[in-house]
Amino acid sequence: MEIKNGTVKDYENAVDTYSDMVYRIACHNLKSKADCDDVVQEVFIKLLQSEINYDNAERLKAWLIKVTINKCRDTNKSFWNRKRVALDEVTEAVCNETELSIKDEINLLPQKDRNIVYLYYFEEYSIKEIADILNMKTATVGSRLSRARGKLKILLEQEEG
């Protein structure tokens with residue numbers, strides 16, 4: 001397969017730099033390790049076919065996040081995946097102990113809120129950057145993040161008490 005924009009070295013650097021992030025996002029959104037692996041592969045094949053500029057690291061990272069989330073949505077919408085049960089191995093494979101402690105609570109949030117929380121806290125994007133990545137209004141991202149924080153606070157307090 002031919003690389004549309006950039007060199008083989010550029011592509012290899014992108015894979016080395018961002019594959020863990022893409023995998024974590026996939027695991028955050030999907031039910032099985034196999035689906036995560038498939039999405040990572042599809043994302044990087046799409047990168048090969050794209051005309052994205054490898055020189056702009058922030059734009060490349062945002063593009064990869066957006067493509068990963070969209071591929072996860074497509075996977076979750078498929079008939080096959082709606083009939084399957086989640087595997088706990090996905091969480092254990094990609095999360096450290098701190099992440100594991102709140103992972104269950106984050107998974108109780110609606111999917112649209114989970115991605116915002118993940119991008120804000122784990123990938124450290126600003127609200128404006130998240131809005132750009134997800135094609136949403138900044139105010140919408142801010143209000144969803146605020147509501148998600150409130151829900152998480154309640155869930156974490158219930159867990160402690």
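Me: At what angle do helix 1 and helix 7 pack, and how far apart are their axes?

Reply: Please note that this is a predicted model. Helix 1, residues 8-29, packs with helix 7, residues 111-122, at an angle of about 150 degrees, and their axes are 10 Å apart. Angles over 145 degrees count as roughly antiparallel, so helix 1 is roughly antiparallel to helix 7.

Me: What is the handedness of the crossing where helix 1 passes helix 7?

Reply: The crossing of these two helices is right-handed. Helix 1 contributes Met21, Arg24, Ile25, His28 and Asn29 to the contact, while helix 7 contributes Gln111, Arg114, Asn115 and Tyr118.

Me: How many nonpolar, polar and charged residues does the contact of helix 1 with helix 7 have?

Reply: Sorted by class, three residues in this contact are nonpolar, four are polar and two are charged.

Me: How many disulfides does the structure hold?

Reply: A disulfide is a covalent bond linking the sulfur atoms of two cysteines. The structure holds zero disulfides. For Cys27, the nearest cysteine sulfur belongs to Cys36 and lies 3.2 Å away. A disulfide requires the two sulfur atoms to be within 2.5 Å, so Cys27 is in no disulfide. Cys72 is likewise in no disulfide, its nearest cysteine sulfur being that of Cys36 at 6.9 Å.

Me: Are Cys27 and Cys72 buried or exposed?

Reply: Residues under 20% relative accessible area count as buried. Cys27 has a relative accessible area of 5%, so Cys27 is buried. Cys72, at 1% relative accessibility, also counts as buried.

Note on methods: Residues are numbered from 1 along each chain as its sequence is written. This is a predicted model: local features need pLDDT of at least 70, side-chain atom pairs count only at pLDDT 80 or more; totals for chains, interfaces and linings use all residues. Side-chain values use heavy atoms; hydrogens and water are left out. Buried means under 20% relative accessible area, exposed over 50%, partly exposed in between (1.4 Å probe, protein chains only). Axes are lines fitted to C-alpha atoms, for helices over the stretch in contact, and angles run from 0 to 180 degrees between N-to-C directions. Helices (H or I, at least four residues) and strands (E, at least two) are DSSP runs, numbered from the N terminus. Angles under 35 degrees count as roughly parallel, over 145 as roughly antiparallel, 65 to 115 as roughly perpendicular and the rest as oblique. A crossing is left-handed if the near helix is turned anticlockwise from the far one by less than a right angle, and right-handed if clockwise. Contact means heavy atoms within 4.5 Å. Ala, Val, Leu, Ile, Met, Phe, Trp, Tyr, Cys and Pro count as nonpolar, Asp, Glu, Lys and Arg as charged, and the others, Gly among them, as polar.
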